[in-house]
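Here is a short tour of the model shown below. Keep the sequence and the 3D view open side by side as you read.

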Amino acid sequence: ENAQAIDLDPKNALAYYSRGLAYYKQANLDRAIADYAKAIELDPKNANAYYSRGIAYYKQANLDRAVSDYTKAIELDPKDAIAYYSRGIAYYDKGNFEPAIADFTKAIDLDPKNTNAYYSRGLAYFRTGDFNQAIADYTKAIELDPKNARAYTDRGVAFHYEGNFDQAIADFNKA
């Protein structure tokens, strides 16, 4: 149907964006990216198209392009907690932990119940050697989602690094 809409109106940015979503769901990332790019060309203020293209680039492990598109999505919609979170993940995967922490913090500011942002920020703090802050973030993730086994495991590792072996064992057992 989107192809038909595009045939009827080749300047229909929404149809390109929607078809891009369909291609993405089919794991046809190259075609999804092409359609998102066309949607952006036709509607340069479409934050969702930038964000979605960023996700597709991320799936292709093209982290620089993902960061660039997430950044543009954030410029267009600075209250989008998920865009900050996603850019934080891309920065984390690039090994850029400080900007990842900043983005996870902004995602938390915008959405204080975002368990994944607390957990991911904990991972980034752990990688910088700030085990106390990592433990605090894992603890908050556990408060928000008491069945988060990964948070218990990673908090246990952080407790181990801190020399708190009893708490580490307790977390590993809970996980």
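## Overall picture

Of the 175 residues of the protein chain, 45% count as buried; here buried means under 20% relative accessible area, exposed means over 50%, and partly exposed is in between, with a 1.4 Å probe and protein chains only. This is a predicted model, in which local features need pLDDT of at least 70 and side-chain atom pairs count only at pLDDT 80 or more, while totals for chains, interfaces and linings use all residues. Residues are numbered from 1 along each chain as its sequence is written, and side-chain values use heavy atoms, with hydrogens and water left out.

The protein chain has 11 helices and zero strands, and its elements run α-α-α-α-α-α-α-α-α-α-α from the N terminus on. Both kinds of element are DSSP runs numbered from the N terminus: helices are H or I with at least four residues, strands are E with at least two. Taken along the principal axes, the C-alpha atoms of the protein chain fill a box of roughly 65 × 25 × 25 Å. The accessible surface of the protein chain comes to about 9300 Å², and 48% of it belongs to carbon and sulfur atoms; these areas come from the Shrake-Rupley method with a 1.4 Å probe, and for residues only the protein chains shown count as cover. Among contacts (heavy atoms within 4.5 Å) between residues at least 6 apart in sequence, 39% join residues at least 24 apart.

## The nonpolar core

Which residues touch the most other members of the largest nonpolar core? They are Tyr85 and Phe104, in a core of 47 residues. The largest share of this core, seven residues, comes from helix α6 (residues 81-94). A nonpolar core is a set of buried Ala, Val, Leu, Ile, Met, Phe, Trp, Tyr and Cys residues joined through side-chain atoms within 4.5 Å.

Not counting residues up to four places away in sequence, Tyr85 touches Phe104, Ala107, Asn114, Asn116, Ala117 and Ser120.

Helix α3 (residues 29-42) has 14 residues and reaches 20 Å from its first C-alpha to its last, close to the 20 Å expected at 1.5 Å a residue. That expected span is 1.5 Å times one less than the number of residues. The buried residues of α3 are Leu29, Ala32, Ile33, Asp35, Tyr36, Ala39 and Ile40. They cover an arc of only 165° around the axis, which puts them on the same side of α3; the arc is that of the directions from the helix axis to the C-beta atoms. As background, an α-helix has 3.6 residues a turn, so residues three or four places apart point the same way.

What covers the buried residues of α3 includes α2 (13-25) and α4 (47-59). On the other side of α3, Asp30 and Glu41 are exposed.

Asp103 is found in helix α7 (residues 97-110) and is buried, with a relative accessible area of 4%. Beyond residues up to four places away in sequence, Asp103 touches Tyr84, Arg87, Gly88 and Tyr91. Asp171, in helix α11 (residues 165-174), counts as buried at 2% relative accessibility. Leaving aside neighbours within four places in sequence, Asp171 is in contact with Tyr152, Arg155, Gly156 and Phe159. The C-alpha atoms of Asp171 and Ala13, 158 residues apart along the chain, are separated by 50 Å.

Thr115 lies in helix α8 (residues 115-128) and is buried, with a relative accessible area of 15%. Not counting residues up to four places away in sequence, Thr115 touches Ala141, Leu144, Asp145 and Asn148.

## An aromatic cluster

The structure holds eight aromatic pairs. Rings of Phe, Tyr and Trp (its six-membered ring) pair if their centres lie within 6.5 Å; planes under 30 degrees apart count as stacked, over 60 as edge-to-face and the rest as tilted. The rings of Phe126 and Tyr161 have their centres 5.2 Å apart and their planes at 90°, so the pair is edge-to-face. This pair links distant parts of the chain, with Phe126 in helix α8 and Tyr161 in helix α10 (residues 149-162), 35 residues apart.

Tyr161 is exposed, with a relative accessible area of 52%. The rings of Phe131 and Tyr161 have their centres 5.2 Å apart and their planes at 35°, so the pair is tilted. Phe131 lies in helix α9 (residues 131-144) and Tyr161 in helix α10, so the pair ties together parts that are 30 residues apart in sequence. Phe131 is buried, at 17% relative accessible area. Phe126, Phe131 and Tyr161 form one aromatic cluster.
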